[in-house]
Amino acid sequence: MIGLLKLLRWSTGITLLGSALLVGLYGLSASSIASGYKGDHEKENPNRFGFASETNPAYQEECDSCHLAYPPGLLPAQSWTVMMSGLDNHFEENSELSEDTRLEILNYLARHAAQAGDKVLRGSKDEAQTRITELPYFIRKHNEIPEQHVKNNPGIGSFSNCDSCHQNAVQGDFDEDRITIPGYGRWDD
Amino acid sequence: MKAFTLVLIVTTALVSTNLRANQAIEQLQESYRNTDVTSFKALDGKALWYSEHNGRSCTSCHGASPSAADKHRKTGKKIMPMALSVNPQRLTKISKIEKWFLRNCKWTLGRECSPQEKGNILQWLQQL
């Protein structure tokens, strides 16, 4: 009788443990299925914001010679098209390119641009906005930062110098836990 | 002996880099020559470099001396010296030289530079 009771307790334990494991496994597989609905670049790099795993030497060479080569997924394709059509007056600078290079870079940017539904475009009404710093998402994310931390800071000067504070911005790393403001140190949100 | 070999290697490397820049400049200046443009003057290049046009000049981004690094006036990105004597990596690629002449002459002067002006500036940066 005691033997039978022991067997019953053992088999109940096994069944409970087994079901717990199964529920866990189902949960994991369901979340990986769900991630399939994210935008292309988010699917590629779930933790990297706007980053494209495909690099383009022309984009690096031409754009990085004056400023950070911004991760392409920070703007939609229409914005990149507008921007790359007015390089002779690129934010009051002349950055003209040969037609071949211009098209190569534009195609690269468009392939990895932000897509409808991406969080960077939340609240954005202007589909051809060319200033990343004027996207509603950008403004919301930076509204707690005092102006003198950035604009009057000789180590930064402008919000467009992402990598002054997000040191790994070029890899699409804008994680809030890895922000260091020059002259002020680590930023805790 | 080892030190001598090292000096020889370093010297050869430096000279060959400079040679490449000199070759690029020579090739460009050759292409600028025509019936009106027969020679290039470093002093005229220097004068153009420092001349101001509606508050803009080459020094707006390149700084007061082409022998020193400076920062882009807007983006803050570091711009390395232009003088070949301190930066032999400059002026080694013809397409790059022409690209920046086009952009920077248009931004600074509001027009493209003439072959004479470009040749003069190259002459000056080479001699500095």
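**Notes on a predicted two-chain model**

1. Let's start with A:Leu75. Skipping its neighbours within four places in sequence, A:Leu75 is in contact with A:Trp80, A:Ala113, A:Ala114 and A:Ile132. Here, two residues are in contact if their C-beta atoms, placed from the backbone, lie within 7 Å. A:Leu75 also belongs to the largest nonpolar core, which has twelve residues, including A:Tyr59, A:Trp80, A:Ile105 and A:Leu135. Apart from that core lies another, of eleven residues, with B:Ile25, B:Leu48, B:Leu84 and B:Ile121 among them. A nonpolar core is a set of buried Ala, Val, Leu, Ile, Met, Phe, Trp, Tyr and Cys residues joined through C-beta atoms within 7 Å. Buried means that 20 or more other C-beta atoms lie within 10 Å of the residue's own; exposed means 12 or fewer, and partly exposed is in between, with C-beta atoms placed from the backbone.

2. A word on the ground rules. This is a predicted model, in which local features need pLDDT of at least 70 and side-chain atom pairs count only at pLDDT 80 or more, while totals for chains, interfaces and linings use all residues. Residues are numbered from 1 along each chain as its sequence is written, and chains are lettered from A and ligands numbered from 1 in the order in which they are written.

3. How far can you trust chain A? Its mean pLDDT (the predictor's confidence in each residue, from 0 to 100) is 83, and 79% of its residues reach 70 or more. Where pLDDT is low, the predicted coordinates should not be read in detail.

4. Now look at two helices of chain A. Helix H3 (residues 57–64) and helix H5 (residues 99–111) pack at about 110°, with their axes 9 Å apart. H3(A) and H5(A) are therefore roughly perpendicular, a label that covers 65 to 115 degrees (under 35 is roughly parallel, over 145 roughly antiparallel, the rest oblique). Axes are lines fitted to C-alpha atoms, for helices over the stretch in contact, and angles run from 0 to 180 degrees between N-to-C directions. A:Ala58, A:Tyr59 and A:Glu62 of H3(A) meet A:Thr101, A:Glu104, A:Ile105 and A:Tyr108 of H5(A).

5. On to chain B. Its pattern along the sequence is α-α-α-β-β-α-α, with five helices and two strands. Helices (H or I, at least four residues) and strands (E, at least two) are DSSP runs, numbered from the N terminus. Of the 128 residues of chain B, 22% count as buried.

6. Which residues of chain B have positive phi without being glycine? B:Asn54, with phi near 50°, is one of them, and B:Leu91, at about 55°, is another. B:Asn54 sits in the loop between helices H2 (42–50) and H3 (59–62) of chain B, and counts as exposed because it has 8 C-beta neighbours inside 10 Å. B:Leu91, in the loop between strand E2 (78–79) and helix H4 (94–109) of chain B, is buried, with 24 other C-beta atoms within 10 Å.

7. Finally, is B:Phe40 buried or exposed? B:Phe40 is buried, with 22 other C-beta atoms within 10 Å, and it lies in the loop between helix H1 (2–32) and H2 of chain B. Not counting residues up to four places away in sequence, B:Phe40 touches B:Gln29, B:Gly119, B:Asn120 and B:Gln123.
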